[in-house]
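Welcome! Here is a short tour of the model shown below, taken one region at a time.

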Amino acid sequence: MMRYRQFGNSDLQLSEICFGAMRFTSTASHVTLTESHDREQEEAQNREGRRALEAALAGGVNCIHSSGDYGTRWMLSDILAQHPKRKEIHHVIKMTSPDYEEGGFDPQVLRDSVEDALRDLHADRIAIVQHLQRGPHVPKAEAYAEAGDQRRIDALPDMVGPLQETFEALRQEGKVGHLITFPHTTGYATAALDTGVYDGVAHFFNLIEPEALPLLDRLKREGKGFLAIRPLLQGMLTDKRIDRKGLPETDLKLRAGWDSRYALLEKIRERIGEPNEPWTRFALKFALAHEAVTSLVASGNSVAQVEALLEACDGQYPSRELLDSVHALVEEVGMPPKADLFGL
Ligand SMILES: NC(=O)c1ccc[n+]([C@@H]2O[C@H](COP(=O)([O-])OP(=O)(O)OC[C@H]3O[C@@H](n4cnc5c(N)ncnc54)[C@H](OP(=O)(O)O)[C@@H]3O)[C@@H](O)[C@H]2O)c1
């Protein structure tokens with residue numbers, strides 16, 4: 001039975017799993033492909049992706065995370081046009097402004113992102129807008145790291161006025177619910193929350209990337225919500241890939257960019273021992289263990305994957321001591337960079 005959690009102190013109840021729509025079609029633009037697929041394989045993938053989303057909704061998932069730039073909205077649009085539960089779904093959408101090399105926040109980007117999503121998703125309201133500020137004038141390698149923090153933080157005071165004003169207008173129109181930040185770094189997250197404009201945070205949170213743990217304590221104190229992005233670290237923290245040896249040679253996780261992540265994983269396994277349940281389930285439970293986490297934004301690309309995601313939500317989650325232990329170790333060793341994961 002799916003479990004639901006309150007988004008901070010609000011009246012929004014989200015399922016513990018939020019369907020991440022970044023990878024579930026053959027047209028997904030943020031996915032690195034190792035081999036070319038013919039039309040038949042693409043169609044099979046799309047059929048499976050469709051069944052995956054339908055299984056998630058049937059299993060009690062009431063939250064979908066999407067973005068206009070994932071290249072997968074067409075499938076959501078297709079399914080949701082007819083789906084009996086479409087009015088019960090809480091949508092989280094990504095909105096980016098200013099982007100890397102842009103100069104400042106553009107209110108029209110916010111408005112267009114919301115209007116496009118309402119139309120494409122056949123929705124009356126977008127429950128959560130996830131704001132990503134990658135600029136102004138911050139190259140990609142810096143926008144995910146401390147190197148870009150100062151420029152992004154310095155732009156906050158000029159940005160928050162028009163951001164708040166536009167969001168409030170959309171809220172008055174009944175089109176949006178909550179605004180959260182997608183900070184990329186914990187330093188920027190602190191500064192963004194200090195503005196008082198955001199109702200919560202979406203950030204990477206998994207065994208290899210646990211840096212948000214102290215932030216979760218703050219969110220809990222302040223009654224704000226948290227969405228844990230990529231709890232399986234793009235499929236690395238699963239039974240299929242937890243042991244790198246034996247992966248087929250086409251698997252992306254064999255690429256050199258994943259070396260530091262597997263080295264860290266080895267240290268974590270030495271520190272905490274092997275879980276007494278499958279790794280996929282344990283990794284998901286790790287990300288659900290803090291009560292400030294409202295929902296995990298995870299990609300399930302097949303019915304089997306979705307079923308495993310749903311089964312992990314049984315209310316029995318690791319202790320705070322375990323979270324602290326992993327967090328302390330990763331702080332000590334150093335967390336791998338976040339920017340290089342796309343295209344690896
Ligand atoms: N990654 C980011 O940087 C990012 C940024 C912004 C937003 N998001 C949002 O977060 C969502 C999740 O991110 P993500 O896809 O990168 O990471 P993720 O959810 O941690 O990993 C998903 C991958 O794990 C594998 N998987 C899923 N369920 C499984 C299961 N039960 N058993 C075994 N393997 C399973 C699948 O890979 P295989 O099919 O290859 O095995 C799947 O593509 C996205 O859809 C998007 O909505 C992500």
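Let us begin with T195, which is partly exposed at 30% relative accessibility; here buried means under 20% relative accessible area, exposed over 50%, and partly exposed in between (1.4 Å probe, protein chains only). This is a predicted model, in which local features need pLDDT of at least 70 and side-chain atom pairs count only at pLDDT 80 or more, while totals for chains, interfaces and linings use all residues. Residues are numbered from 1 along each chain as its sequence is written, and side-chain values use heavy atoms, leaving out hydrogens and water.

T195 sits in the loop between α7 (186-194) and β8 (200-204). Helices (H or I, at least four residues) and strands (E, at least two) are DSSP runs, numbered from the N terminus. Setting aside residues up to four places away in sequence, T195 touches L156 and V160, where contact means heavy atoms within 4.5 Å.

Next comes strand β10 (residues 293-298), which is largely enclosed by the rest of the structure because six of its six residues are buried. Its pairings are listed here; two strands pair if DSSP finds at least two bridges between them.

| Strand paired with β10 | Sense | Bridges |
|---|---|---|
| β3 (residues 17-20) | parallel | three bridges |
| β9 (residues 225-229) | parallel | four bridges |

Within β10, L296 stands opposite I17 and is also the bridge partner of A228.

Finally, the cysteines: the whole structure holds zero disulfides, a disulfide being a pair of cysteine sulfur atoms within 2.5 Å. For C313, the nearest cysteine sulfur is that of C18, 12 Å away. C313 is buried, with a relative accessible area of 5%, and C63 is buried at 0%.
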